[in-house]
Amino acid sequence: MSFRQKTAIDPTRFFQFLATLLRMAIGWHFLYEGVVKALSPTWSAAAFLAESKWLLADFFHWIVSHPPFLQAVNFLNIIGLIGVGLCLLLGVFIRLGSLAGMLLLALYYIANPALIGYFSGLRSE
């Protein structure tokens, strides 16, 4: 008489699967945001940067007041989002993509932090 043994789920493989799924979901979000911004002819980072009131606010306001630099920031933002998204989604250059994503998010946070009691006029992109 043969009994099938129940095999336990290997926690290491399970958490590797969850980490991979999370990496791909975050990569999809970065990629989606980059593509949406690239396809929108009216998108600009000007409103987001103009609302800056925290660290480097003067620098962000300077960027807004100089159109060539604003265009460069818009282009680099789109390229950065798409690049990070592809790295994380496809699983290539994961460390580089992760570091670039952290840098982008840090810059977004420095420009407009989500602090308690900090009120911003931004309502949407």
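Among contacts in the protein chain between residues at least 6 apart in sequence, what percentage join residues at least 24 apart? The figure is 70%. Keep in mind that you're looking at a predicted model.

**The overall picture**

The protein chain has 5 helices and 0 strands, so reading along the sequence gives the pattern α-α-α-α-α. Of its 125 residues, 23% count as buried. The chain exposes about 9400 Å², and carbon and sulfur atoms supply 72% of that area.

**A buried serine in a loop**

Now find Ser52, in the loop between helix H2 (46-50) and helix H3 (57-65). Is Ser52 buried or exposed? Ser52 counts as buried because its relative accessibility is 2%, and the cut-off for buried is under 20%. Who is around it? Setting aside neighbours within four places in sequence, Ser52 is in contact with Ala57, Phe60, His61, Ile110, Ala111 and Asn112.

Leu56 lies in the loop between H2 and H3 too, but Leu56 counts as partly exposed, at 48% relative accessibility.

**A nonpolar patch on the surface**

Leu56 is also part of a nonpolar surface patch, along with Trp54, Leu55, Phe59, Trp62, Phe69, Tyr109 and Leu115. Together these residues have about 770 Å² of accessible area.

**Rings that pair up**

Next, the aromatic rings. A search of the whole structure finds 7 aromatic pairs. One of them is Trp28 with Tyr32, a tilted pair with 6.2 Å from centre to centre and 35 degrees between the planes. Trp28 and Tyr32 sit about one helical turn from each other, because they are 4 residues apart in helix H1. Another pair joins Trp62 and Phe69: their ring centres are 4.7 Å apart and their planes are at 45 degrees, so this pair is tilted as well. Ring pairs also link Phe59, Phe60, Trp62 and Phe69 into a cluster.

| Residue | Relative accessible area | Class |
|---|---|---|
| Trp28 | 51% | exposed |
| Tyr32 | 44% | partly exposed |
| Trp62 | 36% | partly exposed |
| Phe69 | 43% | partly exposed |

**Back to Tyr32**

Tyr32 is found in helix H1 (residues 11-39). How many residues apart in sequence are Tyr32 and Leu81? They are 49 residues apart, while in space their C-alpha atoms are 8.3 Å apart.

How values were computed. Residues are numbered from 1 along each chain as its sequence is written. This is a predicted model: local features need pLDDT of at least 70, side-chain atom pairs count only at pLDDT 80 or more; totals for chains, interfaces and linings use all residues. Side-chain values use heavy atoms; hydrogens and water are left out. Helices (H or I, at least four residues) and strands (E, at least two) are DSSP runs, numbered from the N terminus. Buried means under 20% relative accessible area, exposed over 50%, partly exposed in between (1.4 Å probe, protein chains only). Contact means heavy atoms within 4.5 Å. Patches are made of residues with over 30% relative accessible area and no salt bridge: like charges are joined within 9 Å, nonpolar side chains (Val, Leu, Ile, Met, Phe, Trp, Tyr) within 5 Å. Accessible areas come from the Shrake-Rupley method with a 1.4 Å probe; for residues, only the protein chains shown count as cover. A salt bridge is a side-chain nitrogen of Lys or Arg within 4 Å of a carboxyl oxygen of Asp or Glu. Rings of Phe, Tyr and Trp (its six-membered ring) pair if their centres lie within 6.5 Å; planes under 30 degrees apart count as stacked, over 60 as edge-to-face and the rest as tilted.
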